[in-house]
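Here is a short briefing to read with the model open beside you.

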Amino acid sequence: MQADGLLKIVIGGSDKKRNRIVVPFTQDPYKNEKINSFHYIAAQGDHGYIGVFYADGNEMGSLIQRPEVTKTIEQYSDFSSDISTWNSKALKKAADTVNVNRNDGFPGRILIRGGDDLLVVLPAESALKFARVFLEEASGDGSPFKEGICGGLVLSQPSMPFSILFSKAEELAVNAKKQMWLLKQDARTGSSDTSRSPKQKSALDFMVVTSPLLEPLGSQPERQHYILPDGRNYAFLTARPYLVDELGKLVKHIRCLKDMETPRRTFIDLKNIFYPSEITEDRVDAQGRFVKLAALADRLGVLYSKNAETYKGLLMKEFLEHDNWRFVDRNGIKRSAQRTWQADIVELVDFC
């Protein structure tokens with residue numbers, strides 16, 4: 001059914017007058033008639049996972065109240081139209097990116113597209129690229145999203161209850177917004193490196209979900225806590241959420257490893273180095289460097305001599321870049337920790 005530019009889904013059957021529920025939703029301009037389930041979407045990838053991506057504009061309420069934006073009814077109307085148009089423009093760019101070399105249409109389903117909101121379900125292998133391109137385009141030069149736009153991406157098997165995945169995607173988007181706000185406050189007060197102030201004002205937080213028994217993000221502890229031989233304590237966080245340009249760099253590094261046909265075993269070795277089942281004092285030296293990482297780089301250099309320098313550069317420099325990242329712990333106390341990429345490298349390798 002179609003009315004007022006919206007499709008309507010009738011739940012309960014069209015012949016039932018009393019018990020039926022009519023749900024309107026925006027038409028999907030990229031609707032693929034072949035897609036009839038999340039399992040079908042997952043089957044278009046190599047690992048049987050879907051990606052649920054939710055995006056929402058930053059500080060839209062305060063933006064609308066600015067007199068220079070919505071001083072008159074006409075300005076409000078123009079602003080609303082600009083937001084919707086820019087959303088559609090970013091959506092088209094992202095959709096075109098994942099449609100490259102595909103003859104069977106858009107690989108996912110767009111469930112929400114209105115104003116500054118977007119909810120899309122894609123094969124996991126397409127979702128990260130789609131999210132990055134959408135956020136990058138939505139926060140580009142001339143965008144009406146003056147404070148940027150953030151997103152949350154959940155990678156999961158299609159059998160997971162969708163209500164859980166959508167709720168978690170919203171929570172991840174909110175977490176990305178919080179970190180953007182902290183960075184903006186730092187930039188205003190001059191309390192942080194100005195080079196860390198967000199350029200595109202957009203960020204993405206993401207996670208791989210394997211169980212419906214999920215704690216709120218705010219109650220999650222640091223990804224790992226290290227005790228060095230000299231007694232110092234280090235708390236390492238995953239680099240999530242990522243600014244859009246950082247996300248592009250992460251994906252580039254992962255793809256570099258995959259393009260060199262790095263064996264699967266290497267990623268298992270990396271995970272064991274960064275997140276072993278048992279923490280021992282000899283894992284890191286007095287400077288906090290991972291002892292076994294250099295040995296792994298040397299071994300790869302011997303096995304794959306033509307890529308020896310690339311492996312050494314990636315493993316010993318690029319993957320260990322970090323900076324101080326502010327966050328609020330489970331007790332509501334503001335803290336900072338070293339923010340690193342290792343967890344995200346091993347977690348995302350299948351989906352890049």
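Asp96 and Lys92 sit 4 residues apart in helix α4, about one turn of the helix. Helices here are DSSP runs of H or I with at least four residues, strands are E runs of at least two, and both are numbered from the N terminus. The model is predicted, so local features need pLDDT of at least 70 and side-chain atom pairs count only at pLDDT 80 or more, while totals for chains, interfaces and linings use all residues. Residues are numbered from 1 along each chain as its sequence is written, and side-chain values use heavy atoms, with hydrogens and water left out.

**Salt bridges**

- Side chains of opposite charge can pair when their charged atoms come close.
- The whole structure holds 8 salt bridges (a side-chain nitrogen of Lys or Arg within 4 Å of a carboxyl oxygen of Asp or Glu).
- Asp96 and Lys92 form one of them, with their closest N and O atoms 2.8 Å apart.
- Asp96 is partly exposed at 36% relative accessibility, and Lys92 is partly exposed at 46% (buried means under 20% relative accessible area, exposed over 50%, partly exposed in between, with a 1.4 Å probe and protein chains only).
- In helix α7 (residues 244-259), Asp259 and Arg255 are likewise 4 residues apart, and their salt bridge has its closest N and O atoms at 3.7 Å.
- Asp259 is exposed, at 55%, whereas Arg255 is partly exposed, at 37%.
- Arg264 and Asp350 meet in a salt bridge of 2.7 Å, N to O.
- Arg264 belongs to helix α8 (residues 264-274) and Asp350 to the segment after α11 (342-348), so this pair ties together parts 86 residues apart in sequence.

**Helix α4 against helix α5**

- The axes of α4 (residues 73-98) and α5 (residues 124-138) come within 8 Å and cross at roughly 145° (lines fitted to C-alpha atoms over the stretch in contact, with angles from 0 to 180 degrees between N-to-C directions).
- Residues making the contact include Trp86 and Leu91 of α4 and Phe130 and Phe134 of α5 (heavy atoms within 4.5 Å).

**Cysteines and Arg240**

- The disulfide count is 0, taking a disulfide as a pair of cysteine sulfur atoms within 2.5 Å.
- Cys150 is buried at 0% relative accessible area, while Cys256 is partly exposed at 25%.
- Arg240 lies in the loop between β10 (233-238) and β11 (242-243) and is buried, at 14%.
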